[in-house]
Amino acid sequence: MVGRRKALLFSLCFFFLSLPCFSSLPSFQTLIPNSHSLPSASPISFQPESEPDSESLLGSEFESGSDSESSITLNLDHIDALSSNKTPQELFSSRLQRDSRRVKSIATLAAQIPGRNVTHAPRTGGFSSSVVSGLSQGSGEYFTRLGVGTPARYVYMVLDTGSDIVWLQCAPCRRCYSQSDPIFDPRKSKTYATIPCSSPHCRRLDSAGCNTRRKTCLYQVSYGDGSFTVGDFSTETLTFRRNRVKGVALGCGHDNEGLFVGAAGLLGLGKGKLSFPGQTGHRFNQKFSYCLVDRSASSKPSSVVFGNAAVSRIARFTPLLSNPKLDTFYYVELLGISVGGTRVPGVAASLFKLDQIGNGGVIIDSGTSVTRLIRPAYIAMRDAFRVGAKALKRAPDFSLFDTCFDLSNMNEVKVPTVVLHFRGADVSLPATNYLIPVDTNGKFCFAFAGTMGGLSIIGNIQQQGFRVVYDLASSRVGFAPGGCA
């Protein structure tokens, strides 16, 4: 009998210990409105010393080795830094417009079932009939500087976890948008090479295209806002500071049009095989991470790390999920959300479920700014936040935000806490990650939005200040608070 009681007591203790201890979650945290304002177009952080003499790099091809040898750290800047002629309000408005276009195109892509086909370009050349890859998401929000070709020509490239293809504008250009650096000319590079139509790289495109006259592979990436890039699918050497990575398959775009805001192209960091991590995972042990700073409160640059040093020891990890119909995005399992220290009853794990045919789910995305939640979950979360913030003075809605407050002339306010409960990882957001300024007059808005589609997206505003670790070798994503220090 005594043994039974001990067993029952042990079972009850184990049961209660295994539950998340939500009662211990704090209910409120402090926001200091005066220390956060709309960020302006801050100066670009890249320094001349990050562009070494190209000829001195010819014998320094990157190889995996120790942690220091197998890791590369690069500064990141927000795309607004290339738009210094705009006011903070204009920059923020443009960001929200880009965000809406991107979310729409991601949702459209996630709802499609990709097919494969072969398209042949005319024998006279040209690119109008080249391959459509099916990648229709936006162009990202953060960029870095890297070298292309041999000798290396340094350009700005957008980094985007929602895209797979690496591409940049190339001469000769039928149509090219304005970029900050001279357009890359592959004819001046010793390491540039086109890809044959029969190569594995060409076959990995969602749809394979071939110039029948030259028998070389062609690519086309179309974005949801009507932007596109078309050209030769090729291989080239990329230089990251003093580390060279040879044979990266990339698009050399001779016909490009759209809203790419001054960058030369895009470094796709998606989960697919043609992304930069997918191609070079063996060199960087299939690990990379980034940390995005709050640009209104920090002069430190954001950063991206490739290799063993990308993994933070204090990160809390959640498993990556696989979408059977689309391998580009990083899917995770969101179990629920707490507001003010209490689980929101209307936010159930079933609302975020990725089903067996690839519908629904939750992705982590560096190029989406504002987190989008499936609408029933958003409404429940928003209503809980409104109740917890009832002492704050409400303000009119702003753009996609329907919960705003007038915090003008306030030095300090208490706001309800927000915690995202992923499987295996509870992520407690700083107040600045969900209550953000939207003008210069003290209006702050709850930086979440609902979506009518089935896909939810964790955006970069909510990721600020965390080192987000993509450990693809272990199929997991981690979050380390204070990771930008």
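A polar contact here is a pair of N or O atoms within 3.5 Å; within protein, one must be able to donate a hydrogen and the other to accept it, and residues adjacent in sequence count only if both atoms are side-chain atoms.

Some ground rules. This is a predicted model, where local features need pLDDT of at least 70 and side-chain atom pairs count only at pLDDT 80 or more, while totals for chains, interfaces and linings use all residues. Residues are numbered from 1 along each chain as its sequence is written, and side-chain values use heavy atoms, with hydrogens and water left out.

Overview next. The protein has six helices and 31 strands. Those are DSSP runs, numbered from the N terminus: helices are H or I with at least four residues, strands are E with at least two. Of its 485 residues, 56% count as buried. Buried means under 20% relative accessible area, exposed means over 50%, and partly exposed is in between, with a 1.4 Å probe and protein chains only. The exposed surface comes to about 20,500 Å², and carbon and sulfur atoms supply 54% of it. Those areas come from the Shrake-Rupley method with a 1.4 Å probe; for residues, only the protein chains shown count as cover.

Now contacts, meaning heavy atoms within 4.5 Å. Take those between residues at least 6 apart in sequence: 74% of them join residues at least 24 apart.

On to the active site. Which residues carry that label? UniProt, in an unreviewed entry, places the feature "active site" at D160 and D365. They span 206 residues in sequence, yet no two of their C-alpha atoms are more than 7.9 Å apart, so they gather at one spot. A caution on the record: its positions are given in the numbering used here, feature names are shortened, and annotations may be inferred rather than shown by experiment.

D160 first. D160 lies in strand β5, residues 153-160. Buried or exposed? D160 is buried, at 0% relative accessibility. Its side chain makes a polar contact of 2.5 Å with the side chain of R102.

Now D365. D365 is in the loop between β19 (362-364) and β20 (371-374). D365 is also at 0% relative accessibility, and counts as buried. Its side chain makes a polar contact with the side chain of T161, at 3.4 Å. Leave aside residues up to four places away in sequence, and D365 touches, among others, R102, D160, G162, I457 and N460.

Let's move to the core. A nonpolar core is a set of buried Ala, Val, Leu, Ile, Met, Phe, Trp, Tyr and Cys residues joined through side-chain atoms within 4.5 Å. In soluble globular proteins, nonpolar side chains tend to be buried together. In this model the largest nonpolar core has 73 residues, and L267, F276 and Y434 have the most contacts inside it. Helix α5, residues 375-388, gives the most to this core, with five residues. Where does this core lie? Domain 1 (127-283) and domain 2 (312-484) both give residues to this core, so it lies between them. The domain bounds come from an automatic or database domain assignment. Apart from this core lies another, of 19 residues, including Y156, I165, Y219 and F233.

Look at L267 again. A cis peptide bond joins T150 and P151, with omega about 0 degrees. P151 lies in the loop between β4 (142-148) and β5. A cis peptide bond also joins A171 and P172, with omega about -5 degrees. P172 is in the loop between β6 (167-169) and β7 (193-194).

Then positive phi. R241 is not a glycine, yet has a positive phi of about 55 degrees. R241 sits in the loop between β10 (228-240) and β11 (243-257). R241 is partly exposed, with a relative accessible area of 35%. For N285, a residue other than glycine, phi is near 55 degrees. N285 lies in the loop between α4 (276-280) and β13 (287-291). N285 is partly exposed, at 27% relative accessibility.

Last stop, P396. P396 is in the loop between β21 (394-395) and β22 (404-406). At 58% relative accessibility, P396 counts as exposed. Leaving aside neighbours within four places in sequence, P396 is in contact with C404 and K443. P396 and K443 are 47 residues apart in sequence and 9.0 Å apart in space, C-alpha to C-alpha.
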